[in-house]
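Look through the sequence and the model before reading on.

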Amino acid sequence: MSYNRTDRARALCQSSGLAEIRVWSRLRGGQVDGHKFRRQHREGPYYADFACDRLRLVIEIDGGVHTREDVMLKDIHRQQALEALGWAVLRFTNDQALAEPERLVAAVR
């Protein structure tokens, strides 16, 4: 069975953690000033946790694994690649997303 882009994005959505689920509840359906976000948006070889085409904005929610040095280095390269494609990238930790959801919404605005 082939594993296409849609299958990959769907699998990523289904394996979302609590922080991503809560962030999605704030972003979905144009709740932030009418801006439409998508989950697990593919851009090049990458899948952004959340993306808004109109704003060219990617939001990444980073779990504990993102504190590892090797993962942080991959995140830096990934972010640089997305920025080279014209996207702005906002990063929040799981803890920030859960404790301060309005901070994330304010950053989008």
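## A question to start

Is aspartate 62 buried or exposed? The model is predicted. In it, aspartate 62 has a relative accessible area of 11%. The cut-off for buried is under 20%, so aspartate 62 counts as buried.

## Aspartate 62 and its partner

Aspartate 62 forms a salt bridge with arginine 91. The N to O distance is 2.9 Å. Arginine 91 sits in strand β4, residues 88-93, and aspartate 62 in strand β3. The two are 29 residues apart in sequence, so their pair ties separate parts together. Arginine 91 is partly exposed, at 26% relative accessibility.

Aspartate 75 is buried, with a relative accessible area of 11%.

Shared partners join Asp62, Asp75 and Arg91 into one network of salt bridges.

## Another pair

Aspartate 53 and arginine 38 meet through their side chains in a salt bridge, at 2.2 Å from N to O. Aspartate 53 lies in the loop between β2 (46-52) and β3 (57-62). Arginine 38 is in strand β1, residues 38-43. They are 15 residues apart. Aspartate 53 is partly exposed at 38% relative accessibility. Arginine 38 is partly exposed too, at 39%.

## The whole structure

How many salt bridges does a search of the whole structure find? It finds eight.

Definitions and conventions:
Residues are numbered from 1 along each chain as its sequence is written. This is a predicted model: local features need pLDDT of at least 70, side-chain atom pairs count only at pLDDT 80 or more; totals for chains, interfaces and linings use all residues. Side-chain values use heavy atoms; hydrogens and water are left out. A salt bridge is a side-chain nitrogen of Lys or Arg within 4 Å of a carboxyl oxygen of Asp or Glu. Helices (H or I, at least four residues) and strands (E, at least two) are DSSP runs, numbered from the N terminus. Buried means under 20% relative accessible area, exposed over 50%, partly exposed in between (1.4 Å probe, protein chains only).
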